[in-house]
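Here is a short tour of one protein chain. Keep the sequence and the 3D view side by side while reading.

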Amino acid sequence: MIPTIEWDGQYVRMIDQRKIPSKIEWYVCRGYRDVIRAIEKMVIRGAPAIGVAAAMGLALGGGSIRTNSVRIFMDKFRKISEEMLLARPTAINLRWAVERMGNLAEKMKTAGVDEIKKTLKYESQMVLAEDIEINRKMGSNGEKLIPTGATILTHCNAGSLATGGYGTALGVIRAAHEKGKKIKVIADETRPWLQGLRLTAFELMEDQIPVTVITDNAAGSLMRQGRIDVVITGADRIAANGDVANKIGTYQVAVLAKTNKVPFYVAAPLSTIDPTTKNGDTIPVEEREANEICQIGRLKIGPPGVSVLNPAFDITPAKYVSAIITEKGVVRPPFRKGIKNLLA
Ligand code: MRU
């Protein structure tokens, strides 16, 4: 498994996911603004990975503040945190990481600036290490839902690259494979960024887990023919009632799964659950640039000036979700109560 992100001495480096599978290249961030740019530009993506990047970015940002005054340090650190929060709007893991780092800095105030800086860097390493451990737990909780010999459909990339390592939805798939369940994976290509084709297929092929890529449009037809046994996706944010924000196209997959009596599972860490968001209607959905749809590389494929809508995520109402798999266990409907218990 290639790493997603790590400290390299005083800098943070991440695998440039825009280039996979053609090139495996590090993207080096020397300051927090490099990390913000990397998140905005999809160098690193996937909700938990964005959370790890934000934590490391804040440690970089904090480390660059030149002052011995804790008051001045905290003022500047808050401004950096506010900038970081704007990098991408949908994945709640970004806010979760910013709050975790901010609360820690606040708690450390009496220790002095140098100590706060050291602790922030250490904490960002903990965020990474914990994320991998959480994914392994999620894998072991989730694989029990996967029948031997199952064909599993997944959408986007909720794998090692979308997290600190191992993956959420792909973590469950990896755990089922490690148990010898002889599963097969169907990966939606996932227009327009092709995370399914470029990243999910790449990761699964590296692990020698059988994978077949389909166009997003083919999922319904395969389900109708009985060729999909289970659907598993990740999530960018889960509301208190169990509504799920995830990569655009997830909603239609979930509706098709219900119509065809295929279980639809969502695998996500507790850091993806946002109890302050009542339901999916208030989750901000990122709208990205038109050229992501009208251009492939440098090649323009749409009529110049065509009007384009490019929402990067959609909301799947809780009624389409069969279960949510977390590191603390599997929650089934009614989700509001189950989620409350999980977070208690
Ligand atoms: O736009 P992206 O690539 O950041 O979107 C990623 C997804 O939608 C993933 O499914 C989600 O973040 C879960 S990743 C474990």
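The largest pocket lies between domain 1 (5-136) and domain 2 (138-343), because both domains give residues to its lining. This is a predicted model. The pocket has a volume of about 730 Å³. Its lining counts 18 residues. Nearest the centre of the pocket lie Trp193, Asn291, Glu292, Gln295 and Gly297. Two elements give two or more residues to this lining: helix H10 (291-294) and strand S12 (295-296). By class, the lining of the largest pocket splits into four nonpolar, three polar and 11 charged residues.

**The two domains**

The chain is divided into domain 1 (5-136) and domain 2 (138-343). Their centres, taken over C-alpha atoms, are separated by 25 Å. Domain 1 brings 28 residues to the contact, and domain 2 brings 39 residues.

**The cavities**

How many cavities of 30 Å³ or more does the structure hold? The structure holds two. The largest cavity has a volume of about 180 Å³. The second largest cavity has about 30 Å³ of space.

Helix H2 (47-63) and strand S9 (244-247) are the elements that give two or more residues to the lining.

The second largest cavity is lined by Pro192, Trp193, Lys247, Ile248, Arg288, Glu292, Asn310, Pro311 and Ala312. Trp193 and Glu292 from this list are also among the residues nearest the centre of the largest pocket.

| Cavity | Volume | Nonpolar lining residues | Polar lining residues | Charged lining residues |
|---|---|---|---|---|
| Second largest cavity | about 30 Å³ | five nonpolar | one polar | three charged |

**A pair of helices**

Helix H3 covers residues 70-85, and helix H4 covers residues 92-107. Their axes come within 10 Å and cross at roughly 175 degrees. That angle makes H3 roughly antiparallel to H4, because angles over 145 degrees count as roughly antiparallel. On the H3 side, the contact takes in Met74, Phe77, Arg78, Ser81, Met84 and Leu85. On the H4 side, Leu94, Arg95, Val98, Met101, Gly102, Ala105 and Glu106 meet them. By class, the contact of H3 with H4 has eight nonpolar, two polar and three charged residues.

**Backbone details**

Most residues other than glycine have a negative phi, and most peptide bonds are trans. Some places in this chain depart from that pattern.

Which residues does a cis peptide bond with omega of about 5 degrees join? Ile20 and Pro21 are joined in this way. Pro21 sits in the loop between strand S2 (11-15) and strand S3 (26-29).

Another cis peptide bond joins Arg191 and Pro192, with omega of about 0 degrees. Pro192 is found in the loop between strand S5 (184-188) and helix H7 (195-206). Pro192 also takes part in the lining of the second largest cavity.

Lys182 has a phi near 50 degrees, a positive value in a residue other than glycine. Lys182 lies in the loop between helix H6 (169-178) and S5.

**The start of the chain**

Met1 is in the segment before strand S1 (5-8). Which residues does Met1 touch, leaving out those up to four places away in sequence? Met1 touches Ser160, Tyr166, Arg174, Glu206 and Asp207. Met1 and Arg227 are 226 residues apart along the chain, and their C-alpha atoms are separated by 28 Å.

Notes:
Residues numbered from 1 in each chain as written. Predicted model: local features only at pLDDT ≥ 70, side-chain atom pairs only at ≥ 80, totals over all residues. Heavy atoms only, no water. Axes fitted to C-alpha atoms, helices over the stretch in contact; angles between N-to-C directions. Helix = DSSP H or I, 4+ residues; strand = E, 2+ residues; numbered from the N terminus. Parallel < 35°, antiparallel > 145°, perpendicular 65-115°, else oblique. Contact = heavy atoms within 4.5 Å. Nonpolar A, V, L, I, M, F, W, Y, C, P; charged D, E, K, R; others polar. 1 Å grid on protein atoms, 1.4 Å probe; cavity = no way out; pocket = protein on both sides within 12 Å on 5 of 7 lines; lining within 4 Å. Points joined across faces, edges and corners; volume = space filled by probe spheres on them. Domains from an automatic or database assignment.
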